[in-house]
Amino acid sequence: MHHITKLSVNINKIATLRNSRGGNNPDVLKAARDIERFGADGITVHPRPDERHIRYSDVREIKKMISTEFNIEGNCREQKFVDLVLETRPEQVTLVPDDLGQITSDHGWDTIKHKDYLTEMIRVFQQAGIRVSIFVDPVIAMVEGAAATGTNRIELYTEGYAKKYLTDKENAVAPYLSAAQRAGELGLGINAGHDLDMHNLSYFKQHIPWVNEVSIGHALVCDALYLGLENTIQLYKRQLQ
């Protein structure tokens with residue numbers, strides 16, 4: 001059976017470029033619409049408290065105009081973030097255990113230690129009709145802990161895979177495969193993201209074909225500088241076939 005894996009494009013870096021000059025070039029809202037038109041299955045944003053890339057106003061506007069899936073990632077310990085998600089009601093919220101001021105996300109949740117907190121927060125979003133995914137490292141105990149919180153999905157945090165892929169593909173993918181198999185047994189949907197790119201994506205998908213969605217930002221935007229945005233999205237989609 002051929003599993004469809006959705007490509008959600010994280011547009012944070014497009015916002016970073018815009019913000020660096022203070023004007024509206026590139027136009028983040030137009031980019032979101034075009035990325036969807038070019039074949040992406042969804043748009044991901046990760047607003048941070050300092051709004052250094054995606055602004056809260058961007059999130060509100062994007063929600064009004066895209067027709068594919070909207071995924072908002074962020075730190076649910078910030079009430080401002082929780083309020084934004086409940087106001088805009090995206091199809092999916094991805095809860096990330098960021099520290100304040102973090103450059104980029106660099107670890108999954110300790111789903112055992114934070115079980116009560118996660119269970120409570122997940123319920124808040126689910127009651128608003130929003131599917132919840134939580135960032136998890138490829139560790140069986142953490143996947144089992146995630147299932148106990150009531151989350152709909154986990155997002156496997158793939159930085160470790162991307163790093164090891166260059167020297168040892170088989171060992172790179174092994175923990176992710178075990179974690180994904182356990183998640184499947186527990187009825188959890190599986191997303192994946194962080195440092196996935198044109199080189200390592202296809203191998204990941206071949207080994208874990210039942211992944212529901214990958215979320216890719218930085219690498220895709222970098223590739224688009226050379227290859228063009230529409231072409232890049234099509235190339236990434238092809239890696240998932």
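This is a predicted model: local features need pLDDT of at least 70, side-chain atom pairs count only at pLDDT 80 or more; totals for chains, interfaces and linings use all residues.
Mentor: Local features here need pLDDT of at least 70, side-chain atom pairs count only at pLDDT 80 or more, and totals for chains, interfaces and linings use all residues. Residues are numbered from 1 along each chain as its sequence is written, and side-chain values use heavy atoms, leaving out hydrogens and water.

Trainee: How do you know that S5 and S6 pair?

Mentor: DSSP must find at least two bridges between two strands; S5 (residues 131–136) and S6 (residues 153–157) have 4 bridges, in the parallel sense. One of the links joins Ser 133 to its partner Arg 153 in S6. In the whole barrel, 8 strands close in the order S1-S2-S3-S4-S5-S6-S7-S8.

Trainee: Why is Tyr 161 called buried?

Mentor: Buried means under 20% relative accessible area (exposed is over 50%, partly exposed in between, with a 1.4 Å probe and protein chains only). Tyr 161 has 0%, so the term applies. Tyr 165, at 12%, is buried too.

Trainee: Why is the pair of Tyr 165 and Tyr 203 called edge-to-face?

Mentor: Rings of Phe, Tyr and Trp (its six-membered ring) pair if their centres lie within 6.5 Å; planes under 30 degrees apart count as stacked, over 60 as edge-to-face and the rest as tilted. With centres 5.8 Å apart and planes at 65°, Tyr 165 and Tyr 203 are therefore edge-to-face. This pair joins helix H7 to helix H9, 38 residues apart.

Notes
Helices (H or I, at least four residues) and strands (E, at least two) are DSSP runs, numbered from the N terminus.
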